[in-house]
Amino acid sequence: MKRNMLSSTAMIVAVPLMTAYVTAQGVRPKRAATPSKAASSVPRSASGKPDLSGVWQPGSDRVGTWAEANQGVGVPEPGKQPAVRRGANPPYQPWAASKVLEAYNRRNIDDPVARCIPELDLGGGALYPNQFVQTPKMIVILIESRHTFRIIPLNEPHPDDLDPSYLGDSVGHWEGDTLVVDVTGFKERLVGSKISTDALHIVERFTRVDYNTINYEARVEDPKALTQPYTITSKYMLRPGTRLQEYVCENNEDPARFEDLDKKGLVAR
């Protein structure tokens with residue numbers, strides 16, 4: 001089933017094809033509700049650190065199963081969820097701002113996301129499920145959107161021979177009950193709605209504050225593209241009974257293909 005992508009900028013033209021994502025009625029199946037638990041009941045690993053394991057929905061603050069929190073739909077349309085994610089407005093330098101404006105005027109047809117290139121979605125602008133797998137030496141985040149993943153070694157430095165990548169290289173450590181993740185080594189993004197250079201550096205903080213909620217913060221700096229660092233805040237909400245499902249991204253290969261998707265109402269603005 002095709003479903004529009006969500007974006008904090010003007011629009012995104014990548015249209016995912018998700019098989020087995022929804023039932024014939026176009027919704028995730030309802031599951032039995034799991035009672036909310038008190039803030040004092042944060043699950044902990046054998047080391048005493050908060051256990052982040054589970055399937056979470058970023059960018060939401062609603063407690064419950066997937067169907068309960070998302071009003072029975074697969075992924076909510078823009079405006080159907082509270083504005084939980086804040087601060088995602090980069091203070092671009094003039095040259096970078098002009099490129100973002102150019103992308104807007106071209107209806108974002110050149111955006112890397114339209115070519116199914118992955119990106120680090122800070123705080124969950126797309127609202128798709130994320131599964132955290134936690135071990136004493138590593139955190140793995142499996143991301144349903146675009147079928148991507150992040151491997152976060154704990155208490156290790158970044159490699160000296162780091163190869164630039166779309167999601168960057170992540171390493172983590174615990175500061176009290178907060179998982180701090182340092183991300184660097186990004187490929188440049190010089191076209192589209194989000195501009196960044198090889199100087200991009202992000203520090204994320206994940207704090208499980210109760211059974212249902214992870215508070216999220218990301219400090220973003222890029223001295224080559226931004227006038228100053230900025231901070232994004234959001235939440236991740238536990239989605240009991242949810243399983244990640246297959247997500248296939250369909251590449252918009254040419255303007256004619258984009259125009260056809262636009263006429264069918266499959267382009268989000």
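This is a predicted model: local features need pLDDT of at least 70, side-chain atom pairs count only at pLDDT 80 or more; totals for chains, interfaces and linings use all residues.
1. E119 counts as buried because its relative accessibility is 16%, below the 20% cut-off. Its position is in the loop between α2 (94-105) and β3 (130-134).

2. Which residues does E119 pair with? One partner is R189, with 3.6 Å between the closest N and O atoms of this salt bridge. R189 sits in the loop between β7 (178-184) and β8 (201-208), 70 residues from E119, so the contact links distant parts of the chain. Like E119, R189 is buried.

3. K194 also forms a salt bridge with E119, and here the closest N and O atoms are 3.3 Å apart. Because K194 is in the loop between β7 and β8 while E119 is in the loop between α2 and β3, this pair ties together parts 75 residues apart in sequence. K194 has 24% relative accessibility, so K194 counts as partly exposed.

4. D111, E119, R146, R189 and K194 are linked in a network of salt bridges.

5. Another pair to look at is R205 with E175, a salt bridge whose closest N and O atoms are 3.1 Å apart. R205 belongs to strand β8 and E175 to strand β6 (residues 169-175); 30 residues separate the two, and the pair links distant parts of the chain.

6. Are R205 and E175 buried or partly exposed? R205 is partly exposed, at 28% relative accessibility. E175 is partly exposed as well, with a relative accessible area of 40%.

7. How many salt bridges does the model hold? The count comes to nine, including the R189–E119, E119–K194 and R205–E175 pairs.

Methods:
Residues are numbered from 1 along each chain as its sequence is written. Side-chain values use heavy atoms; hydrogens and water are left out. A salt bridge is a side-chain nitrogen of Lys or Arg within 4 Å of a carboxyl oxygen of Asp or Glu. Helices (H or I, at least four residues) and strands (E, at least two) are DSSP runs, numbered from the N terminus. Buried means under 20% relative accessible area, exposed over 50%, partly exposed in between (1.4 Å probe, protein chains only).
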